[in-house]
Amino acid sequence: MNKKIRNIFGILLFSMSISQISSQETRAISLNEAVKLGIENSKNLKIDAAKIEESTAQLLEAKNNQLPSLKLGATYLHLFSPNVNLKTESAGAANSLKINDVMYASANLSYPIYAGGRIKYGIQSAEYLVEASKLSVENDKEAIAYNISQAYNNLFKASQIIKVLEENLSASQKRDETFLKLENNGLMARNDRLKAQLQTSNIELQLLDAQNNYSIANINMDLLLGLPETTILKVDEDYINEISENQPVSYYLSQALQNRKDLQALDYQRKAANLGTKAAKAENLPILAITGGYVAADIPGFVTITNAINIGLGVSYNLDNLWKKNSSLLKSQAREKQLEANNELLNDHIKLEINKDFQNSNLAKKKIEVYERALEQATENYRITKNKYDNGLANITDLLEADAALVGAKVNVINSRADAALAYKKLLQTSGILNQ
């Protein structure tokens, strides 16, 4: 009975494992595909899209100010025994009237023809702010593209390190089998064989860490790309070969000044602030509008008025401006100063970023050359040490140290090439041309 239960339990576990494996999808993806997919599914860009809708609504509100304003109204009043005293020659009979109801309706139309430029400046300012919000979205796309490149780079390094460690583990396990036979035949000391097995265990631990790092990097990429978390991504192994020679640093500075979307967005914000200052100044000017209206009234038993149509010009001026300071103007001027300072600060920040990323990119490429030379040296050192060990001129410790140094050199070459590719992407992002 126990055996049957164990068999059933084993079948259930096997079925669950098969189900879990089948639910995982493996997908090969290039960096360009990852960036495109990440931008399409970015939650930050969805927030930015809502901000564009908000600024577009503000533009519509500003445009509505130049349209005619039409208001309709109707009133019914019940009066409780009012005293009516008309000062006219024929008022004798009218004074004895009892007026208890009053009804009237009106329609008023107003069309602004001059507002000191407030309406025009408001519309232009809102248009600039819409453009600024759109450019902010483009700037966020650059940042998202780099974040995805960084995550892709981590996934690539993790996958390549797993491959190196798996190859090394296989070789180390075969070596353990050989050493065990030598020990059984009395040709190797047990201590030496245990040293080799200890290194095999260390490689297994390194492989477990690498696999764990890969799993975390894979889940991170799935979330960035909007894919199911069970999707296993297979990166392009030619990714690290996409390193280009750097242009002079002046080229990237020029590209940044032309293409940085945050710089362009700030320029539109400055234009909007300048128009805000002009609109604030216009508050000290009068408003002129064409007015028109229609009035109808009925007081039962006394008077009825219909077709009382009127048209004319209306002028309004706020006399408070004569003794109150224009706070809107002061706030707008302060806003202009703030944006001007931000512009200077951003320009300095861009220059610093370009130079730093340019230096980092060059340094990463130089490191590749150093690590590749170190790999050649480690390979040759292992060959010589292995030859000495086979001829009894080196001990097991020397062989294992040479083997570990070779594995470390291979990993360093992979990491350096991946880091160089990412450093170049960072330089492009800082220059505003990563998505071009």
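Strand 3 (residues 101–114) and strand 5 (residues 287–299) run antiparallel and are joined by 11 bridges. Across this pair, S106 has V295 of strand 5 as its bridge partner. The model is a predicted one, in which local features need pLDDT of at least 70 and side-chain atom pairs count only at pLDDT 80 or more, while totals for chains, interfaces and linings use all residues. Residues are numbered from 1 along each chain as its sequence is written, and side-chain values use heavy atoms, with hydrogens and water left out.

Strands pair if DSSP finds at least two bridges between them; helices (H or I, at least four residues) and strands (E, at least two) are DSSP runs numbered from the N terminus. Four strands form an open antiparallel sheet in the order 2-3-5-6. Strands 2 and 6 stand at the edges with a single partner strand each, so one side of each is left without a neighbour in the sheet.

| Edge strand | Residues |
|---|---|
| Strand 2 | 69–78 |
| Strand 6 | 303–316 |

Helix 7 (residues 249–259) has the buried residues Y252, Q255, A256 and N259, where buried means under 20% relative accessible area with a 1.4 Å probe, protein chains only. Seen down the axis of helix 7, these residues fall within an arc of 100°, so they line one face of the helix; the arc is that of the directions from the helix axis to the C-beta atoms. They pack against helix 8 (261–281), helix 9 (327–390) and helix 10 (396–430), contact being heavy atoms within 4.5 Å.

S159 lies in helix 5 (residues 118–184). S159 counts as buried at 18% relative accessibility. Leaving aside residues up to four places away in sequence, S159 touches Y214 and V235.

Definitions and conventions. Buried < 20%, exposed > 50% of the residue type's maximum accessible area, 1.4 Å probe, protein only.
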